[in-house]
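Here is a short briefing for a first look. Please keep the sequence and the model in view while reading.

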Amino acid sequence: MKPRDATTVRRMEHADDGSAPARSEDSLVITSFTRTLRLKVKPESYAWLNVAAMEVNTVWNWGAEVSEKAARSCTGKRKWLTGFDLCALSSGASEYFEKIGADTIQRVNCEYAMKRSTAKRIRLRWRVSRGPRRSLGWVPFKAASIKRKGKAVLFCGKTFRVFEPERLESVKWRQGCFAQEALEDWWLCLTVTVPIEESVAPLEKVGIDLGLKDIAVTSDGERCEKGRFYRGIEQKIAHAQRRGHRRQAKRLHRRAASRRRDALHKFSRQIVNQYQKIVVGDVSSPQLVKTRMAKSVLDSGWGMLKTMLQYKGQQAGRSVQIVSERDTSRTCSSCGSLTGPQGANGLRVRRWTCDRCGEWHDRDINAAKNILRRAELPASVSGNESSSLPVPPRRASSSRKAGIETARAIA
Ligand SMILES: [Zn+2]
């Protein structure tokens, strides 16, 4: 009798579980997300970091050598060492290093093992400390080994001052690294958790068309102009390269990139502050990069703008949606007929009048309006809610064809 009772009870419990209304624990409310905070380190610490980077390289190369030997071993059993194995083998090694500590050694080991197994290679490239093929410096650390000290941070017993230290206030970091960029400046990179601060925007919704002439145009007619971040300094860069001034060329490249990033930050912030629902057209940049328009594409930074809108929108509790922008420039936003300019020649047409309804359109604003409308289509029409329209980006056989087709889609 007893065992049967037990089973009934169990079955009843099971039935209870099954009929329970949508498990509330599963529908998690996301309250925070992670991103990387980058802060420039003040030059006074560069010498220390350069030495530390050489020590990191030593650890990396040791890991490469040991794991290659273990994988090739002809006497014993062959073994693919994991990060854990490398850490166990290198325990106590920190006393041989002047700058870095055990936590950095462990992170280097784990990173090596992870990258090696992802690359599926027996050994990764050595990290070079000197000479023209020198690897850019990298000093990783764990969350606990970096501490706040007033406006600066304390790492391995040394104080590091950074530019814009106020950005460190009230953030909670997980782990990070010191990383060197091409111009030999050092940056402190921290993985931080940012809480979502829900707010309500004054305006309801906006559609954004990404283009080549202006980076982005909204359905309300606002434009993020390209500002010629790169084109303006292009000649200077070419000049510097011809004369062999590599450092100057790098500096100019960096200036162009930072101008672009700055303009995109401002634009995306403005959009997120103003609108509750943001709809962006999906331009597949990698496809365009293959074509003649490559420089313009890399220049306009669509991908960067999309990412910024997504994370800033997420932080402010906005809805950011990506929809297919196929035919958005050809469709009349008033009557919905395909009366707009098309083909490679159509790119030049900036304004047009609809033959059907006689409405006058600015091509970019019209496209942005269509993009906004696509996100509003009911599920039965749009097919798939999450990615809106089920139209995949077109794949063309030749790059030339791709150029024309995507040009039509963008413009
Ligand atoms: Zn029309």
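**Asp327 and its loop**

Asp327 is partly exposed, because its relative accessibility is 22%. Buried means under 20% relative accessible area, exposed means over 50%, and partly exposed lies in between, with a 1.4 Å probe and protein chains only. Asp327 is found in the loop between β12 and β13. Its phi is near 65°, a positive value in a residue other than glycine.

This is a predicted model: local features need pLDDT of at least 70, side-chain atom pairs count only at pLDDT 80 or more, and totals for chains, interfaces and linings use all residues. Residues are numbered from 1 along each chain as its sequence is written, and side-chain values use heavy atoms, with hydrogens and water left out.

**The chain as a whole**

- The protein chain has twelve helices and 14 strands. Helices (H or I, at least four residues) and strands (E, at least two) are DSSP runs, numbered from the N terminus.
- The protein chain has 411 residues, and 42% of them count as buried.
- Among contacts in the protein chain with a separation of 6 or more, 68% join residues 24 or more positions apart. Contact means heavy atoms within 4.5 Å.

**The zinc site**

- Four residues coordinate the zinc ion: Cys332 (SG), Cys335 (SG), Cys354 (SG) and Cys357 (SG), at 2.2 to 2.3 Å. Donors are N, O and S atoms within 2.8 Å of the metal (3.2 Å for Na, K and Ca); water is not among the atoms, so sites may look incomplete.
- The spacing of the donor residues in sequence is C-x2-C-x18-C-x2-C.
- The site of the zinc ion is tetrahedral, with angles of 105 to 113° among its four donor atoms. Four donors count as tetrahedral if all angles lie between 85 and 135 degrees.
- For comparison, the ideal angle for four tetrahedral donors is 109.5 degrees.
- Cys354 counts as buried, because its relative accessibility is 3%.
- Cys357 has a relative accessible area of 39%, so Cys357 is partly exposed.
- Thr331 lies in the loop between β12 (319-323) and β13 (351-353). Thr331 is buried, with a relative accessible area of 13%.
- Leaving aside neighbours within four places in sequence, Thr331 is in contact with residues including Gly336, Trp352 and Asn370.

**Aromatic rings**

- The structure holds nine aromatic pairs. Rings of Phe, Tyr and Trp (its six-membered ring) pair if their centres lie within 6.5 Å; planes under 30 degrees apart count as stacked, over 60 as edge-to-face and the rest as tilted.
- Phe141 and Phe155 form a tilted pair, because their ring centres are 5.2 Å apart and their planes are at 50°.
- Phe141 lies in strand β2 (residues 138-141) and Phe155 in strand β4 (residues 152-155), so this pair ties together parts that are 14 residues apart in sequence.
- Phe141 and Phe155 are both buried.
- Phe155 and Phe160 also pair: their ring centres are 6.2 Å apart and their planes are at 50°, so the pair is tilted. Phe160 is buried.
- Ring pairs link Trp48, Phe141, Phe155, Phe160 and Phe178 into a cluster.

**Charges over rings**

- The charged end of Arg38 sits over the ring of Trp187, 4.4 Å from its centre. A charge sits over a ring if NZ of Lys or CZ of Arg is within 6 Å of the ring centre and within 35 degrees of the ring normal.
- The charged end of Arg127 sits over the ring of Trp60, 5.8 Å from its centre.

**Nonpolar cores**

- The largest nonpolar core has 65 residues, of which Val41, Val139, Phe178, Leu188 and Ile278 touch the most other members. A nonpolar core is a set of buried Ala, Val, Leu, Ile, Met, Phe, Trp, Tyr and Cys residues joined through side-chain atoms within 4.5 Å.
- Helix α2 (residues 46-72) gives the largest share of this core, ten residues.
- Another core, of six residues, lies apart from it; among them are Ile233, Ile237, Leu252 and Ala256.
- Beyond neighbours within four places in sequence, Ile278 is in contact with residues including Val206, Leu309 and Val320.

**Two further residues**

- Glu164 lies in the loop between β5 (158-160) and β6 (172-180). Glu164 has a positive phi of about 50° although it is not a glycine.
- Glu164 counts as partly exposed, because its relative accessibility is 43%.
- Glu225 is in strand β10 (residues 223-225). Glu225 counts as exposed, at 54% relative accessibility.
- Not counting residues up to four places away in sequence, Glu225 touches Asp214 and Ile215.

Technical notes:
Tetrahedral: all angles 85-135°; square planar, octahedral: opposite > 155°, others 65-115°.
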